[in-house]
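Please open the structure in your viewer and keep the selection tool at hand. The tour below goes from one place to the next, saying what to select and what is found there.

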Amino acid sequence: MLKNDYDTELSRLKQIEASDVPRLERVKMVVKDRVDVHSYEPHTFELLKELGDDPVLSNNLDMLRAGTVAEGVVDISSNDVNVEPKYMSELDQKVRYYRIYRPESLGKNKALIYIHGGSYYGGSPSDSLVSLKLLASQYDGVIYSVDYRLAPENPYPLGLMDCLSVLKMVAKTKTNITVGGDSAGASMALGVSELSHYMGIYDVDSQVLFYPTVVHGSDLEGSLWNDKKIPIVDEQRNVLHNSYTLFKQLDTKMTQLYMPDEPIDYRSPIVSPLYADPAIFKKVLVMTGEFDPFRLQDEAFLSKLGMAGCDAKYIRYGGMGHAFLNLVGKAAATEDAIHECAKFLEN
């Protein structure tokens with residue numbers, strides 16, 4: 001996208017306001033469609049076309065992990081943001097994290113604990129670093145990005161406990177704490193919030209979630225995975241279906257690797273936040289792509305939040321697929337999502 005086109009699209013997206021969507025009762029929803037409605041954003045479409053028909057997910061862990069690495073992310077953040085790798089010890093855990101902040105925000109009472117995605121078995125804080133630096137330039141608080149232990153070498157709940165220990169550390173000095181993440185990390189953010197609540201550590205003030213996965217062990221032929229429900233231009237329907245086909249395999253694989261041995265109840269609300277008591281989540285922002293295979297489960301989760309009276313906001317980005325944070329500087333919707341996240345954190 002040319003620079004002037006990018007800026008024009010970003011300006012247009014920022015002007016789109018909330019709309020009433022009866023299916024998501026009592027959820028404040030913003031639909032940020034493309035001008036060419038129900039069609040893929042060009043960068044996303046080019047990536048997904050490479051899947052081909054009937055894609056098959058690898059069983060090789062190294063290849064799976066390579067697929068979670070964010071490559072070619074454009075750094076458009078400012079130079080006034082500090083990034084400091086640090087270690088902490090809480091709950092008998094030694095955990096590495098990145099502290100990301102502007103110097104003038106260091107002493108403020110706000111904090112965001114961020115949990116990167118990667119299907120529980122991959123990814124690292126480096127993958128979301130550009131997005132978090134851009135967020136920090138607009139946020140009057142400190143971001144703590146957790147380098148938690150990965151499955152299957154460190155299966156559930158070890159990674160969650162790493163994130164919980166960082167939350168416990170931050171709660172000693174901050175009084176307004178948000179927990180957030182993307183994809184599997186967003187699911188972990190909800191699980192950590194539940195654990196912190198039930199253990200009496202801290203009642204998390206809000207959650208900010210980029211395209212979360214919120215349920216394990218769901219019916220892959222059921223309503224949460226029915227891509228026929230998603231409007232899309234005819235010539236791109238097959239690409240959407242192939243994306244859903246791959247993600248059904250991914251959903252099974254990441255569950256197997258995250259919980260490889262123990263007989264875990266997949267309906268546990270810590271594991272599958274779709275089954276959690278929604279009253280625990282006071283204020284939630286969910287941002288998902290129109291063509292993300294997790295979209296339907298995200299909307300089911302938001303529906304529960306709305307019906308329970310949670311302060312829930314949902315922003316759906318037209319044309320976007322999964323992991324759109326990797327398109328910083330390429331897709332205007334990504335920069336707009338970071339801007340919306342900053343607005344949410346300041347209110």
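**First stop: a loop residue**

Select Leu57, which lies in the loop between helix H2 (42–49) and helix H3 (61–66); helices here are DSSP runs of H or I with at least four residues, strands are runs of E with at least two, and both are numbered from the N terminus. The model is a predicted one, in which local features need pLDDT of at least 70 and side-chain atom pairs count only at pLDDT 80 or more, while totals for chains, interfaces and linings use all residues. Residues are numbered from 1 along each chain as its sequence is written, and side-chain values use heavy atoms, leaving out hydrogens and water.

Is Leu57 buried or exposed? Leu57 has a relative accessible area of 19% and is therefore buried (buried is under 20%, exposed over 50%, partly exposed in between, with a 1.4 Å probe and protein chains only). Between Leu57 and Lys253, 196 residues apart along the chain, the C-alpha atoms are separated by 8.7 Å.

**Second stop: a hairpin**

Move on to strand S2 (residues 82–90) and strand S3 (residues 93–101), which run antiparallel and are joined by nine bridges (strands pair if DSSP finds at least two bridges between them). Ser89 stands opposite Lys94 in S3, and in this hairpin, with two residues between the strands, Leu91 takes a positive phi near 55°.

**Last stop: a helix contact**

Finally, select Ser131, Leu134 and Leu135 in H4, which meet Glu335, Ile338, Cys341, Ala342 and Leu345 in H9.

Notes
Contact = heavy atoms within 4.5 Å.
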